Every structure is written in structure tokens, then in C-alpha cells.
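Please examine the sequence and the three-dimensional structure shown below. The paragraphs that follow lead through selected residues and their surroundings.

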Amino acid sequence: MALSSKIYDLNFKKLVNVVTPALTFNPVVRAWLYACVVPLNYVYGLFSKFKKSIEYRLTITPQVCHLEKALNDRYDFAQRRIYIIDAREYEALPLYLIVENKHMVLPLKTENHKVLYTKGETSIYTVDFMVMVPAVIGFDMVEMKAVVNSYKLLSKKFQINIF
């Protein structure tokens, strides 16, 4: 059963007018009561902001479209250029030390014009997805990793690439 969002709508000035008896309600008492509810109004404003931020966080799921939405809302609201792609997996090409006395010739070119891959690109240590961020967007890498970690599934690994 969903609660109505109207349950949190409060107007403290209206509440003072409704609760106070009409006989004791002169301008001095009214001003004093309004001054008494100013701190309540301030705390209510903080609560409303907190409630909106929690409701926003609850709308974001680990789905790619929601994760892209959260990242673009935070770092690139106007142009929305941050996107997520699936990671590529390459077969690991074993390299040997000279003391192992194994002969190996590296191919000159592959279809990607790349022979050696990083540990994250091979199928053994692969990441599940890559967050592609344009170089013109200013961001803190640690903060972006924390944002992605807060929304992604626990078992998924990711990498942030700047293009």
C-alpha cells in the first residue's frame, strides 16, 4: 500500500491559525506564534530535501539506463554524454621469461592493431562494463567510482574510461 505524498505537506502558519483559539488571537500573539514555528519550518525544509534525495536514490536501479541517468544527472546534466558499454574480452596471450627457455613469437599485427592487453581486458580478469566519460567533463575519479559502486550490483566489476 503506497502512502500519499500529501501526508508530508505541512504549512505551519496555517496550522497555527487553525489550532489557536480565536479569542486569544491578537496580532502580538500571532507574531509570537509565527516566530515559534520558524525553527520547525527550517527543520521541515531540511527533511523535505532529504526525502527528495532518498526518493531519487530509490528510483535508480542497477540497470544500464538508470545508471547512465544517475551519472549524467550528476556530472553532465546538459549534454548527457556519459554512457556505459559492455566490456570486451580478449584471450590472454602468455608471455614467458627467458629462463623458462620457451620460444614464443609475438604476432606483428592483429585485427585491432594491438598485441598485448591489460589485465582487465583479458578473459581471466575482465570487467563487466565500462563507463565512458568524455575528457572535457571535470570529475573526481574516486567520487565517480563511489557513485557507480553505490548503484551497481555487488558482483559486477567496472572500469572508467576517459575518451
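A residue is called buried when its relative accessible area is under 20%, exposed when that value is over 50%, and partly exposed in between. The structure under discussion is a predicted model. With a relative accessibility of 45%, Phe-163 therefore counts as partly exposed.

Five aromatic pairs are present.

Tyr-83 is located in strand E1 (residues 83-86) and Phe-163 in the segment after E3, so the pair ties together parts that are 80 residues apart in sequence. Tyr-83 has a relative accessible area of 32% and is therefore partly exposed.

Attention may now turn to strand E3 itself. This strand comprises residues 158-162 and contains Asn-161. Which side chain is joined to that of Asn-161 by a polar contact of 3.3 Å? The partner is the side chain of Gln-159. When residues up to four places away in sequence are not counted, Asn-161 touches Met-130, Val-131, Met-132 and Val-133.

Helix H3 provides the next stage. It spans residues 38-59, and Asn-41 is found in it. Is Asn-41 buried or partly exposed? Its relative accessible area is 44%, so Asn-41 is partly exposed. Asn-41 and Phe-12 are 29 residues apart along the chain, and their C-alpha atoms are separated by 6.8 Å.

Phe-47 is also found in helix H3. Its relative accessibility is 35%, and Phe-47 therefore counts as partly exposed. Together with Ile-7 and Tyr-8, Phe-47 makes a nonpolar surface patch of about 280 Å².

Key. Residues numbered from 1 in each chain as written. Predicted model: local features only at pLDDT ≥ 70, side-chain atom pairs only at ≥ 80, totals over all residues. Heavy atoms only, no water. Helix = DSSP H or I, 4+ residues; strand = E, 2+ residues; numbered from the N terminus. Polar contact = N/O pair within 3.5 Å; in protein donor to acceptor, adjacent residues only side chain to side chain. Contact = heavy atoms within 4.5 Å. Buried < 20%, exposed > 50% of the residue type's maximum accessible area, 1.4 Å probe, protein only. Patch = residues over 30% accessible without salt bridge, like charges linked within 9 Å, V, L, I, M, F, W, Y side chains within 5 Å. Areas by Shrake-Rupley, 256 points an atom, 1.4 Å probe, with all protein chains shown as cover. Salt bridge = Lys/Arg side-chain N within 4 Å of Asp/Glu carboxyl O. Phe/Tyr/Trp six-rings, centres within 6.5 Å; stacked < 30°, edge-to-face > 60°.
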